Amino acid sequence: MESVDKLGPAGFGRFLHEAFDVVQNERSSENVVDFYYHVNAFLMYATIDALLSSMYEQNPQDTLTRELRDELSQVDRILGRSMYSFKDARLKIEDLNEIDAIMEKILRKLGVIRSGTVESEDNNECAMMEEELK
């Protein structure tokens, strides 16, 4: 039988960190190539929502989880629709800025993103977080 690596907490944290970095790079390139379909922002939303739902199922009384779920629900308010609705995947830049700020705030509270100042610092912090979770 083939060995399958499971995505543990440390690997999932690295995935979230790298996915958020892709979202930021996508936003930067949007300014250059007039790109308006922010697929990775939708992926990040779905991933964060799944994580928070899982955390809530494990401990519904956790105030941090409830606070972060409420924070994420602001995205639907900003868009006026669910982020899961792909009728029109185009996002206004102003809306995307607000959505990214919400997701970044959630990821910072979870400890996935700590500094955000320099990519090498983030990579070091990601490695430190993996060690903490082991």
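Me: In this predicted model, what makes the contact between the side chains of Glu67 and Lys109 a salt bridge?
Reply: The N to O distance between the side chains of Glu67 and Lys109 is 2.4 Å. The rule asks for a side-chain nitrogen of Lys or Arg within 4 Å of a carboxyl oxygen of Asp or Glu, so the pair qualifies as a salt bridge. Glu67 lies in helix H3 (residues 63-79) and Lys109 in helix H4 (residues 93-110), so the pair ties together parts that are 42 residues apart in sequence.

Me: Why is Glu67 called partly exposed?
Reply: Glu67 has 37% relative accessibility. Buried means under 20% and exposed means over 50%, so Glu67 falls in between and counts as partly exposed. Lys109, with a relative accessible area of 35%, is partly exposed by that rule.

Me: How do you know that Lys105 and Glu71 meet in a salt bridge?
Reply: The N to O distance for Lys105 and Glu71 is 3.5 Å. The cut-off is 4 Å, so the pair counts as a salt bridge. Lys105 lies in helix H4 and Glu71 in helix H3, so this pair ties together parts that are 34 residues apart in sequence.

Me: What makes Arg108 and Glu104 a salt bridge, and where do the two residues lie?
Reply: Their side chains meet at 2.7 Å, N to O. With the limit at 4 Å, the pair is therefore a salt bridge. Arg108 and Glu104 both lie in helix H4, 4 residues apart, about one turn of the helix. Arg108 is partly exposed at 30% relative accessibility, and Glu104 is partly exposed at 26%. By this rule the count comes to 3 salt bridges.

Me: Why is H3 called roughly antiparallel to H4?
Reply: The axes of H3 and H4 cross at roughly 175° and come within 10 Å. Angles over 145 degrees count as roughly antiparallel, so H3 is roughly antiparallel to H4.

Me: Which residues of H3 and H4 meet?
Reply: Glu67, Leu68, Glu71, Leu72, Gln74, Val75, Ile78 and Leu79 in H3 meet residues of H4. On the H4 side they are Asp95, Glu98, Ile99, Ile102, Lys105, Ile106, Lys109 and Leu110. By class, this contact of H3 with H4 has 9 nonpolar, 1 polar and 6 charged residues.

Me: Which residues touch the most other members of the largest nonpolar core?
Reply: The core has 26 residues, and Met44, Ile48, Val75, Met83, Met103 and Leu107 touch the most other members. Helix H1 (9-33), H2, H3 and H4 each supply at least two residues of this core. H2 gives the most, with 7 residues.

Me: What is Met83 in contact with, beyond its neighbours within four places in sequence?
Reply: Met83 is in contact with Ala41, Phe42, Tyr45, Val75, Asp76 and Ile99. The C-alpha atoms of Met83 and Ala46 are separated by 8.2 Å, with the two residues 37 residues apart along the chain.

Me: Why is Ala46 called partly exposed, and where does Ala46 lie?
Reply: Ala46 has a relative accessible area of 26%. That value is between the limits of 20% and 50%, so Ala46 is partly exposed. Ala46 lies in helix H2 (residues 39-58).

Technical notes. Residues numbered from 1 in each chain as written. Predicted model: local features only at pLDDT ≥ 70, side-chain atom pairs only at ≥ 80, totals over all residues. Heavy atoms only, no water. Buried < 20%, exposed > 50% of the residue type's maximum accessible area, 1.4 Å probe, protein only. Core = buried A, V, L, I, M, F, W, Y, C linked by side-chain atoms within 4.5 Å. Contact = heavy atoms within 4.5 Å. Axes fitted to C-alpha atoms, helices over the stretch in contact; angles between N-to-C directions. Parallel < 35°, antiparallel > 145°, perpendicular 65-115°, else oblique. Nonpolar A, V, L, I, M, F, W, Y, C, P; charged D, E, K, R; others polar.
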